[in-house]
Amino acid sequence: MWTIIHKMGSPPWFFRISGVLVRWLLPITVMLLVCGALWGLLVAPPDFRQGNSYRIIYIHVPSAVVALAGYYVMAFAGAVSLIWRIKMADVTMRAAAPVGAVLTAIALVTGAIWGKPTWGTWWVWDARITSMLILLFLYLGVVALFEAYENKTAAARACAVLSLVGTVNIPIIYKSVDWWYSLHQPASIKFTGESAIDASMLYPLLLMIVAFYCLFAVAVLLNMRAELTWQHREAGWLRQIVSGA
Amino acid sequence: MYFESLAAAWYMDGHGFYVWLAYALTAIPLCFMVWLPLKRMRQHWRWIQAEQRRQAAATATEAGI
């Protein structure tokens with residue numbers, strides 16, 4: 001276990017492994033996304049109450065789910081970077097922030113577009129939507145905070161603290177539809193008990209959730225690789241890879 | 001396919017505008033999310049290559065070649 005953690009902290013090892021991983025994961029992700037989107041858009045039946053507008057669910061729910069899970073990844077990396085001062089954890093945290101911000105923004109925008117034909121409005125200050133907006137600001141806050149500091153060690157520490165404090169928001173988002181019953185519908189998929197969604201609609205949704213998780217992983221890995229090539233531009237191991245390619 | 005024709009899939013009983021707009025506004029940022037770090041990495045890669053050429057040229061001059 002410790003050897004794996006130790007290896008993960010080693011940039012040359014990570015660079016090699018992530019390169020192989022991305023080369024496989026990127027085409028798989030694109031394939032999953034295309035299949036899931038076509039399935040959801042063209043094959044799945046329409047909802048009996050919402051008609052075809054519900055098809056937005058196949059991007060809205062996956063992006064929101066992964067935006068929440070991604071926050072835990074970022075906060076966990078922030079904690080590791082704070083406690084053990086591992087540089088790779090700091091790189092992971094900063095790589096996850098813009099990806100999470102994009103996914104949160106997608107969840108908000110697709111939610112607004114879905115809201116128009118369903119609720120008759122683009123936006124309401126509903127508990128779920130407002131807490132998602134706070135999530136977007138937390139992600140953007142981490143990105144902006146890092147840029148604001150001259151001293152990058154202090155910047156990484158401040159970002160880690162902000163991301164840890166922000167974790168309070170995640171259970172609030174998750175539970176908001178049950179605590180404040182308003183326009184946003186409660187969860188249709190449950191880990192325990194039966195889901196309130198038919199299999200013909202559920203399978204493409206699960207496929208898209210898997211696809212978005214893969215996409216999150218690919219985007220974070222690519223961000224980390226881009227950051228590492230800059231941080232280690234003077235290092236011998238990287239120069240060897242570059243001249244060997 | 002659920003729809004009878006591509007035109008029906010495009011129109012989606014009046015919801016087509018919302019559905020396709022949502023998918024378009026998702027696809028565009030997702031493409032950027034993958035393309036931007038790739039572009040950044042390529043720039044760093046080129047910077048390192050240029051630096052290597054500079055250093056090689058410098059050692060060559062020092063050696064009096």
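Predicted model: local features only at pLDDT ≥ 70, side-chain atom pairs only at ≥ 80, totals over all residues.
Two residues are taken to be in contact if their C-beta atoms, placed from the backbone, lie within 7 Å of each other.

Chain A is built from nine helices and zero strands, so that, by the DSSP assignment of helices and strands, its elements run α-α-α-α-α-α-α-α-α from the N terminus on. Along its principal axes, the C-alpha trace of chain A spans about 60 × 35 × 30 Å. The radius of gyration of chain A is 20 Å, which agrees with the value near 18 Å that a compact globule of 245 residues would have. Buried residues account for 40% of the 245 residues in chain A, and, among the contacts in this chain between residues at least 6 apart in sequence, 77% join residues that are at least 24 apart.

Chain B presents another picture. Its secondary structure consists of two helices and zero strands, and its C-alpha trace spans about 80 × 20 × 10 Å along the principal axes. Whereas a compact globule of 65 residues would have a radius of gyration near 11 Å, chain B has 26 Å. Of the 65 residues of chain B, 15% count as buried.

The contact between the two chains takes 34 residues from chain A and 28 residues from chain B. On the side of chain B that touches chain A, helix H2 (residues 16–62) of chain B gives the most, with 21 residues. By class, the residues on this side of chain B divide into 21 nonpolar, five polar and two charged.

Within chain A, two helix pairs were examined in detail. In the pair formed by H4(A) and helix H5 (residues 127–148) of chain A, the helices pack at an angle of about 150°, with their axes 9 Å apart. Angles over 145 degrees count as roughly antiparallel, and H4(A) and H5(A) are therefore roughly antiparallel to each other. H4(A) passes H5(A) in a left-handed crossing. On the side of H4(A), the residues that meet H5(A) are A:Arg94, A:Ala97, A:Pro98, A:Gly100, A:Ala101, A:Thr104, A:Ala105, A:Ala107, A:Leu108 and A:Gly111. Their counterparts in H5(A) are A:Ile129, A:Met132, A:Leu133, A:Leu135, A:Leu136, A:Tyr139, A:Leu140, A:Val142, A:Val143 and A:Phe146. The residues of this contact of H4(A) with H5(A) comprise 16 nonpolar, three polar and one charged.

The second pair brings together helix H3 (residues 57–84) and helix H7 (residues 169–179) of chain A, which pack at an angle of about 160° with their axes 10 Å apart. This angle makes H3(A) roughly antiparallel to H7(A), and the crossing of the two helices is left-handed. In this contact, A:Leu68, A:Tyr71 and A:Tyr72 in H3(A) meet A:Ile170, A:Ile173 and A:Tyr174 in H7(A). By class, the contact of H3(A) with H7(A) has six nonpolar residues, no polar residues and no charged residues.

The backbone was also considered at individual positions. Most residues other than glycine have a negative phi. A:Arg85, although it is not a glycine, has a positive phi of about 55°. A:Arg85 is found in the loop between H3 and helix H4 (87–119) of chain A. A residue counts as exposed if 12 or fewer other C-beta atoms lie within 10 Å of its own, and A:Arg85, with 12 C-beta neighbours inside 10 Å, therefore counts as exposed. In chain B, B:Asp13 has a positive phi of about 50° although it is not a glycine. B:Asp13 lies in the loop between helix H1 (6–11) and H2 of chain B, and it is exposed because 11 other C-beta atoms lie within 10 Å.

A further position in chain A is A:Met31, which lies in helix H2 (residues 11–43) of that chain. A:Met31 is exposed, since 12 other C-beta atoms lie within 10 Å. The C-alpha atom of A:Met31 is separated by 30 Å from that of A:Lys116, and the two residues are 85 residues apart along the chain.

Definitions and conventions: Residues numbered from 1 in each chain as written. Chains lettered and ligands numbered in written order. Helix = DSSP H or I, 4+ residues; strand = E, 2+ residues; numbered from the N terminus. Rg over C-alpha atoms; globule rule 2.2 N^0.38 Å. Buried ≥ 20, exposed ≤ 12 C-beta atoms within 10 Å, placed from the backbone. Nonpolar A, V, L, I, M, F, W, Y, C, P; charged D, E, K, R; others polar. Axes fitted to C-alpha atoms, helices over the stretch in contact; angles between N-to-C directions. Parallel < 35°, antiparallel > 145°, perpendicular 65-115°, else oblique. Left-handed = near helix turned anticlockwise from the far one by under 90°.
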